[in-house]
Amino acid sequence: MSSDVREPPVSTTARDGARTLPLPTPRGPVSEALLALLVLDPVDAPQSARDTFDEAVRSAPAVVDPDVLLTQDHDVQLALFCLYELHYRGIEDVSDDWEWDPSLLAARAVIERAFEAELRSRVEMPELPAPDRASVAEALFDLTSQDSGPGLSHFVAKKATEEQLRDLLVHRSVYQLKEADPHTWAIPRLGGAPKGALVEIQTDEYGGGDPALMHAALFAQTMRGMGLDDSYGAYVDHVDAATLASVNLMSFFGLHRRLRGAIVGHLAAFEMTSSIPNRLYGNGFRRTGHDAATTRYFDEHVEADAVHEQIAGRDLAGRLAEDDPSLLPDIVFGAAACLAVDGWAAAALLASWERGSLALRSVA
């Protein structure tokens, strides 16, 4: 693990809503062109800088060649992550005026089309259930129970070393320090019972209004207990493409109204595959001698997500399918994509550990 990841935390800014993403280090021509553009004033930015970014996107192998996996491309995934981050906390030294810049949105759409095409071709879809609450919930529970993931949580519970536990937290921090935010995009896009169900879940995720109980704040507490920097986005430079892709998937679904069924399905699968793994993660941290304050995040999710999975399966996903059966295919696709992409990220992490190394990227 690189020395800067080993340093003890210097702040608790993960709980500071004003914190923005530190400007990442480019990973290739696409992210290099984007970050060079973003630090300019959008009013005065020369057209040549915009054109350089657009050309980098349109010529990226992961965008133009279906045989090159975009979900494994560090450069394009980082660029997409930064483009989405403009809609979240923003990026350090980057003007908020870039958020709705037409040239950025056009380039992002090019990446998103390639991203979605890859997902649609690689994610295996189960048979669709009937569009009613009971059938949809049953199908989602069946889908998630059949998930044959790489066994990351079992490895953590029984074998993970202190360094591997820190590696896990670093990778998970990219999402967990803004936990629930991507799914919240769906709230104004739903109505009636599905909206109420989503709000019920999200209220718990945000600590019922208590900032100290927000799940992101509890994860930050776990990071501090492991001697890690808990500030927002501190480790983006250190995580792999698969981790960025798992977060980008949520943002992609959440930011597009046409994919509101997919973000609902994603949340349902996310909740249905949370309770047991978090129990195992907590056991792994306890096995290595960590106290209740450090394991509180995991312990909280054991109980909370056992409830959330029922709400998400029946009252959210199931009821949405009842209200609008045309969304059923995307509900199931969102759930299947969640399992697939998160599975790829977990497999990459576990494969590194089994090789005797960590998954952290070195930063020059």
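Mentor: Start with Phe298, which is buried at a relative accessible area of 3%. Buried means under 20% relative accessible area, exposed over 50%, and partly exposed in between (1.4 Å probe, protein chains only). This model is predicted: local features need pLDDT of at least 70, side-chain atom pairs count only at pLDDT 80 or more, and totals for chains, interfaces and linings use all residues. Residues are numbered from 1 along each chain as its sequence is written, and side-chain values use heavy atoms, leaving out hydrogens and water.

Trainee: How many aromatic pairs are there?

Mentor: Rings of Phe, Tyr and Trp (its six-membered ring) pair if their centres lie within 6.5 Å; planes under 30 degrees apart are stacked, over 60 edge-to-face, the rest tilted. That rule gives ten aromatic pairs. One of them joins Phe252 and Phe253: 5.8 Å centre to centre, 35 degrees between the planes, tilted. Phe252 and Phe253 are both buried.

Trainee: Why is the pair of Tyr281 and Phe298 tilted?

Mentor: Its planes stand at 55 degrees, with the ring centres 5.9 Å apart, so it counts as tilted. Tyr281 is buried, at 6% relative accessibility. Tyr281 and Phe298 also belong to one aromatic cluster with Phe219, Phe285 and Tyr297.

Trainee: Which charged ends sit over the rings of Phe333 and Trp344?

Mentor: A charge sits over a ring if NZ of Lys or CZ of Arg is within 6 Å of the ring centre and within 35 degrees of the ring normal. Arg120 does this over Phe333, 3.9 Å from the ring centre. Arg122 does it over Trp344, at 3.8 Å.
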